[in-house]
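Here is a short tour of one model, written to be read with the structure open beside it.

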Amino acid sequence: MVYRAILPDGDIECSQYQERDHGVELYTEAEEFIAFVPYANLIAVLDEDRIGSDERSIM
């Protein structure tokens, strides 16, 4: 599964994410940490598998 964290100045692709108190942690498929994104800097987390269908998963 592929997710895309949308930020004001770009986006980050990841395989997993975890919601935390102050933001989301992004991880690779091998569970390696990519980045922490504070909610204040996060526009959305999109499920890339659902883009193109009628239903979208947006956090």
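## Ground rules

Two strands count as paired if DSSP finds at least two bridges between them. Strands themselves are DSSP runs (E, at least two residues), numbered from the N terminus. This is a predicted model, in which local features need pLDDT of at least 70 and side-chain atom pairs count only at pLDDT 80 or more, while totals for chains, interfaces and linings use all residues. Residues are numbered from 1 along each chain as its sequence is written, and side-chain values use heavy atoms, with hydrogens and water left out.

## The open sheet

Let's begin with strand E1, residues 3-7, which pairs with E2 in the antiparallel sense over five bridges. Within this pairing, Ile6 stands opposite Asp11 of E2. E1 and E2 belong to an open sheet of three strands, ordered E2-E1-E6 and paired antiparallel. Strand E2 (10-14) and strand E6 (44-47) are at the edges with a single partner strand each, so one side of each has no neighbour in the sheet. On average, neighbouring strands here are turned by 25 degrees against each other, direction ignored (the axes are lines fitted to C-alpha atoms, and angles run from 0 to 180 degrees between N-to-C directions).

## Two hairpins around E4

Now move on to strand E3 (residues 16-19). E3 and E4 form a hairpin with three residues between them, and their antiparallel pairing runs over four bridges. Here Gln18 stands opposite Glu25 in E4.

E4 also pairs with strand E5 (residues 33-38), in the antiparallel sense and over five bridges, with Val24 opposite Val37 in E5. This second hairpin, of E4 and E5, has five residues between its strands, and Glu31 in the turn shows a positive phi of about 65 degrees. How many residues of strand E4 (residues 23-27) are buried? Five of the five are, so E4 is largely enclosed by the rest of the structure. (Buried means under 20% relative accessible area, exposed over 50%, and partly exposed in between, with a 1.4 Å probe and protein chains only.)

## Aromatic pairs

A search of the whole structure finds two aromatic pairs. Rings of Phe, Tyr and Trp (its six-membered ring) pair if their centres lie within 6.5 Å; planes under 30 degrees apart count as stacked, over 60 as edge-to-face and the rest as tilted. The rings of Tyr3 and Tyr17 have centres 4.9 Å apart and planes at 85 degrees, so this pair is edge-to-face. Because Tyr3 lies in strand E1 and Tyr17 in strand E3, the pair ties together parts that are 14 residues apart in sequence. Tyr3 counts as buried at 15% relative accessibility, whereas Tyr17, at 25%, counts as partly exposed.

Tyr27 and Phe33 have ring centres 5.8 Å apart and planes at 75 degrees, so that pair is edge-to-face. Tyr27 is buried at 15% relative accessibility, and Phe33 is partly exposed at 48%.

## The nonpolar core

A nonpolar core is a set of buried Ala, Val, Leu, Ile, Met, Phe, Trp, Tyr and Cys residues joined through side-chain atoms within 4.5 Å. Which residues make up the largest nonpolar core? There are nine: Tyr3, Ala5, Leu7, Cys14, Val24, Leu26, Val37, Leu42 and Val45. E1 and E4 are the elements that give two or more residues to this core, and the largest share, three residues, comes from E1.

Leaving aside residues up to four places away in sequence, Val37 touches Leu7, Ile12, Gly23, Val24, Leu26 and Leu42 (contact means heavy atoms within 4.5 Å).
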